[in-house]
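Keep your viewer open and select each stop as we reach it.

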Amino acid sequence: MTLLKNGAVVDDPWVYQAANAATPPDAPVIVTLDDWQHQHRSLRGRNTPLGIRLRSDQPPSLIADDLGLFGVVALEFPQFKDGRGFSYARSLRQRHNYQGEIRATGNILRDQFMYLDRCGVNAVEVEDASTAQAWLEAMGEFSVWMQPAADVRKSALQLRNTTQGIGASRRRFESTPQTPKSDADEVAAAAAKVRSFSQTYGHLTAQNLLAAMIKTEFSGRIAVVSSFGTEAAILLHMVANVDPSTPVVLLDTGKLFGETLTYRDRLIDQLGLTDVRSVQPDPARIADLDPAGALWKSNPDLCCQIRKVEPLGPALDSFDMWITGRKRYQGKRRAVLPVIESSNGRIKVNPLASWSRDVIDDYFRDYDLPHHPLEHDGYQSVGCMPCTDRARPGEDPRAGRWRGQDKDECGIHETPAGQSLTSSEL
Ligand code: SF4
C-alpha cells in the first residue's frame, strides 16, 4: 500500500494490527475499535504512538473522549459510493477539532481525492503504487464543487447564487491584460486574481497548493524566489517533489555569505534542482552608484534597490506567478502575510505563511534536510553579510537583519500592489 500525505508519497510508519492479534511491541500501531474497547488498559500503557481504524458503521462519536490519544484515525471506505467516511472526516475536524492524521483506506476513487482533502482527510492509501503520481495530480484538476465541505470553498450552487462563479472569474483572469491600462485597472485586475485563486486553492496544504500551481495553473510560467537562507530547504524540498526543474531565482547581491553559496550548491545536489538561477546586479549600476561597495552603510535602501529590487524585475519577466517562503511567525510586516497575494500584476503565493517554528523544525527532522551552515552559529535569518547579525534570545528571528536601522525588508515585497492586496478569505 502506498501512502499519499500532504501532496506527496511518504513512508508509512504505521502498521495495522489485525483484529485480536498481539500488539507489536515497538511499532506505531493502528488498532480496530473493537480491540481498543477490549484492550484499552494495556494499549494506553504503551510508549509507542497509537492510531485507530473505524469501519463505516462506527462514527467518531464512539471515540470522542479518547481522540487525544490517537495520532491517526483511519477511516475505512467499503465502497466508493459509501459517503459516511466523508461525513466522519468532517465531523472529526469540525465537531471534535481533531488535529491528527485522518487517513482514508479502502475503496476510494482518484476523483474523490480532492473532496477527501476538502473534508479534512490528509492521507490516503493507494493500492497501486504506479498510480500515485496520477492521484497527486488529481488535486489540481478541480476548480468547482457540488458539495460543501470542511473548508471555506463555496459549492457550485452557492457560487451561482452569490457570485458570477469560479469559471467566470477564471475566464476573467485568463483574459486579464498583461499590461493594465492604469493603476486602478492594475489593482482591480490583481484583486480579481487574488479572489479567484483564494476561492479555488486557498484551503490546500502547502504541498498541494504548490502542486496545483506548478503542475496545473502556471505550468512553465512559475518561479520560486529563494534566499537560500535558514528555512529555504523546506520550500525547495516541496517544489522539488512536484517538479525539480521549476526555476529558482537567487538574488546574488555580491554581498552574500560564502556559506549561503555553499548551501545553495548543497541543496541543488541533494534536492536535484535543475534550474537555479543566481541573478546578479547590473555592473553599470554598481559602478555608478556603489563603486566602493559600501552603499549599504550610507543608503541601504538604495543598495537593496540596485542589488535586489532592480535585478528581480527582469528575472521574473517570463513568469506569471512567483512563490516565496515567507511566514507570519517571522513578525513585523510579515505577521499579516496572506497565502495568496498580488504584486505588480503577478500572483504571489506564500505556501508556508501559517507555518510555525515548531512545524519547521519537524519538517527538517522528518525529511532529514541539511541546515544552513550559519544556523549553528546563532543566525536565525541570513541575508547579506554586512546587514545580518545574530538574533538574540527572545528576539524575533529577523531581528538581526539591518540591526539598528529603520528597515526590516529589502523592498522586493513592498510594491504598491503587494502592500494593498491581501486575501481576506484565508
Ligand atoms: S541587504 Fe544590505 S548589502 Fe544586501 S543589498 Fe540590502 S543593503 Fe545592500
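**Starting out**

The chain holds 15 helices and 14 strands. Helices (H or I, at least four residues) and strands (E, at least two) are DSSP runs, numbered from the N terminus. What you see is a predicted model, in which local features need pLDDT of at least 70, side-chain atom pairs count only at pLDDT 80 or more, and totals for chains, interfaces and linings use all residues. Residues are numbered from 1 along each chain as its sequence is written.

Of the 426 residues in the chain, 38% are buried. A residue is buried if 20 or more other C-beta atoms lie within 10 Å of its own, exposed if 12 or fewer, and partly exposed in between, with C-beta atoms placed from the backbone.

Two strands pair if DSSP finds at least two bridges between them.

Now pick out strand 8 (residues 123–126), which runs antiparallel to strand 1 (residues 2–5) and is joined to it by four bridges. Strand 7 (residues 101–106) runs parallel to strand 8, with two bridges between them. Which residue of strand 8 is the bridge partner of L4? The partner is V124, and A104 stands opposite V124 as well.

Next, show strand 4 (residues 29–32) with strand 5 (residues 50–54), a parallel pair with four bridges. Here T32 has R53 in strand 5 as its bridge partner.

**Stop two: the largest nonpolar core**

A nonpolar core is a set of buried Ala, Val, Leu, Ile, Met, Phe, Trp, Tyr and Cys residues joined through C-beta atoms within 7 Å. The largest one has 78 residues, and V73 and L236 touch the most other members. Helix 9 (residues 232–242) gives the most to this core, nine residues. Domain 1 (2–138) and domain 2 (168–420) both contribute residues, so the core lies between them; the domain bounds come from an automatic or database domain assignment.

Centre the view on helix 9: nine of its 11 residues are buried, so this helix is largely enclosed by the rest of the structure. What covers its buried residues? The cover includes helix 8, strand 10 (248–251) and helix 14 (357–366).

**Stop three: L209**

Move on to helix 8 (residues 206–217) and select L209. L209 counts as buried because it has 25 C-beta neighbours inside 10 Å. Leaving out residues up to four places away in sequence, L209 touches Y201, L204, V349 and P351; contact means that two C-beta atoms, placed from the backbone, lie within 7 Å. L209 and V349 are 140 residues apart along the chain, yet their C-alpha atoms are separated by 8.9 Å.

**Last stop: around the ligand**

Finally, show the ligand, which is surrounded by 13 residues, the closest being P300, C303, C304, C384 and C387. The shell divides into eight nonpolar, two polar and three charged residues. In this grouping, Ala, Val, Leu, Ile, Met, Phe, Trp, Tyr, Cys and Pro count as nonpolar, Asp, Glu, Lys and Arg as charged, and the others, Gly among them, as polar.

Methods. A residue is near a molecule or strand if its C-beta atom, placed from the backbone, lies within 6 Å of it.
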